[in-house]
Amino acid sequence: MASRKGDAPTEDEPEPRKKSKLVSDEVTPPSEPEQKPRVVLNPADCDLGFNIEGDGLLGSSLCDQGLAYCWFGARANVGVTGGKYCFSCKVVSFQSVKMEDTDPEDRNLCRVGISRGDGVVGSLGETSNSFGYESTGKFWNATRSPCYGEKFGVGDTIVCALNLEEKPLASISFSKNGKCLGTAMKFNAVVDPDVKNFQWESAFFPHLLLKNVEVELQFSVEDGLVPEDGFKPWAAAFGDGNAIVGPVFDDPKDCEVMMMVGMPASGKTTWAEKWVKEHPEKRYVFVGINMVFDQMKVPGHLRKQLKESDDDPYRLELLLIKACYILDSLSSRATVRAATTPRNYILDSTYLKKGERQNELRQFNLFKKIAVVVFPSPEEVKARLLQRFDDLGFLVHAEIMNELLGTFVLPVSKDVPCSDELFDEVMFVELNRDESHKLLEEMKQEESDLNSNDSSPYSCKNFDESYPFSPNYGGSHVLPYPTPSPQYKGASAVNTCVATNPCPSPAFQPCAIASITGNAPGCYGNAG
């Protein structure tokens, strides 16, 4: 009796003889040599306003509208951990921009250098582990900028040479059009391997930071690089075993978009910035008003100086208006790029309306979509509002806050019955969902009972009064919009890039005031 397929052989059926393996059976075709990646600018490690073209060797910064006031950075896709290597950067053109309020020498700027992979890509020369030679002739490191070499501009070629052979004191030097400018700095390149989770975090990468400039990079002789004496082309690090490939995102299905949801001044930006620092491997593209200020090189302490300045009381407001336009442009670019370039994104605005959330997320079709709801306790939000007032001098007007509050709908994930939202996950990072829902309903009811545009569950009428905060939630200070005089023609700015228009239209004043509290993109009506 024959056995069925899968049964053990019977006694009448001898067990089939196993076929012996022959050498010929194991012969496999010779493997092709492993393809080494080309060294190019890395689309997974650049700012949202940085354009990469020309097979990855051409780089430029966006400069339309208010983007001309911003710096945008990018790193190459290959770093090194040892050896002596160099690359070159040729300035192709200065982009034509309208910046009448900015000194001509500050309209087109370029920094070229190296940085460690764990640094912020938009801050070349502003941290201890990034080093940049600027077109003004200065050398930047940790925000210090001593004079170093000659100025450079269109048509000039700068070679950056990195010497990591003499650890712990590595060195960086530059040359201009073949003329050696000498060592710019010696620095400690030793990194504790236990501190970093990824190899690329401790490697050093070619790095650019541009403001209205187009450049061309050369990483190999084939690209046109003429190496410095004693230094190899950057691409040669592969053959020496010193090359580390930077972060790569191949598939949008492996990427995520995190959407911050919450009222202005609730703590969304603080949470998001902390999250970015704790997850460097994600290389998040952060889209928010603080990101715009960083790329305009107007940090918080400078904004506070502008607020306290008596020379020009409208300078900070004009700066906010300009930043609002820029954020709107970058937000639009983020949704367009999402369709073609896999990255991880954090969208930092209010996103209170369900319809607005749906519209914004449609371009992120294949991404994992996460809502991060920041709903603090009444005591905590009161402290944050007071701190925001101390930092900036004003907050969102009560009328705007009432309007935002009335549209606030807590998000739900798409797996909840009857949900028409797109989120794969919803995180409540302060009060939980039940606590947030209860408090939100109480606030809406209180706002309805007040029935006044001069009051809000968030507000008190006068900063000098004794803080009649709502019993349900915190309070913000309701300040009148400043009204410029008819003769006012705008503020002159030195590298702080305020608007070129005359005095701000009242229609844009809510936009500017709301934007500083995280209420963007665009004017406040788009973010509610």
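Is Glu201 buried or exposed? In this predicted model, where local features need pLDDT of at least 70, side-chain atom pairs count only at pLDDT 80 or more, and totals for chains, interfaces and linings use all residues, the numbering starts from 1 along each chain as its sequence is written. Side-chain values rest on heavy atoms, with hydrogens and water left out. Glu201 turns out to be buried, at a relative accessible area of 4% (buried means under 20%, exposed over 50% and partly exposed in between, with a 1.4 Å probe and protein chains only). Glu201 sits in helix 1, residues 199–202; helices (H or I, at least four residues) and strands (E, at least two) are DSSP runs numbered from the N terminus. Its side chain gets to the backbone nitrogen of Phe198 at 3.0 Å, a polar contact being a pair of N or O atoms within 3.5 Å where, within protein, one must be able to donate a hydrogen and the other to accept it, and where residues adjacent in sequence count only if both atoms are side-chain atoms.

Strand 13 (residues 204–211) is a well-covered piece: eight of its eight residues are buried, so the strand is largely enclosed by the rest of the structure. Strand 4 (residues 72–76) runs antiparallel to strand 13 and is joined to it by four bridges, with Ala74 partnering Leu208. Strand 7 (residues 109–116) is likewise antiparallel to strand 13, over eight bridges, and here Ile114 has Pro206 as its bridge partner. For pairing to be called, DSSP has to find at least two bridges between the strands.

Further along there is an open, parallel sheet of five strands, in the order 18-19-17-20-21. Strand 18 (285–287) and strand 21 (425–428) are at the edges with a single partner strand each, so one side of each has no neighbour in the sheet. On average, neighbouring strands are turned by 15° against each other, direction ignored. Strand 18 and strand 19 (residues 345–347) run parallel and share three bridges, and Val285 stands opposite Tyr345.

Helix 7 (residues 354–361) lies across strands 17, 19 and 20, at about 160° to strand 17. Axes here are lines fitted to C-alpha atoms, for helices over the stretch in contact, and angles run from 0 to 180 degrees between N-to-C directions; contact means heavy atoms within 4.5 Å.

Which residues of helix 3 are buried? They are Lys268, Thr269, Trp271 and Ala272. These cover an arc of only 160° around the axis, which puts them on the same side of helix 3 (the arc is taken from the directions from the helix axis to the C-beta atoms). Their cover includes strands 17, 18, 19, 20 and 21, along with helix 4 (289–295). The face turned away from the buried side carries the exposed Thr270 and Lys277.

Ala265, in the loop between strand 17 and helix 3, has a positive phi near 65° and is buried at 6% relative accessible area. Arg283, in the loop between helix 3 and strand 18, has a positive phi near 50° and is buried too, at 10%.
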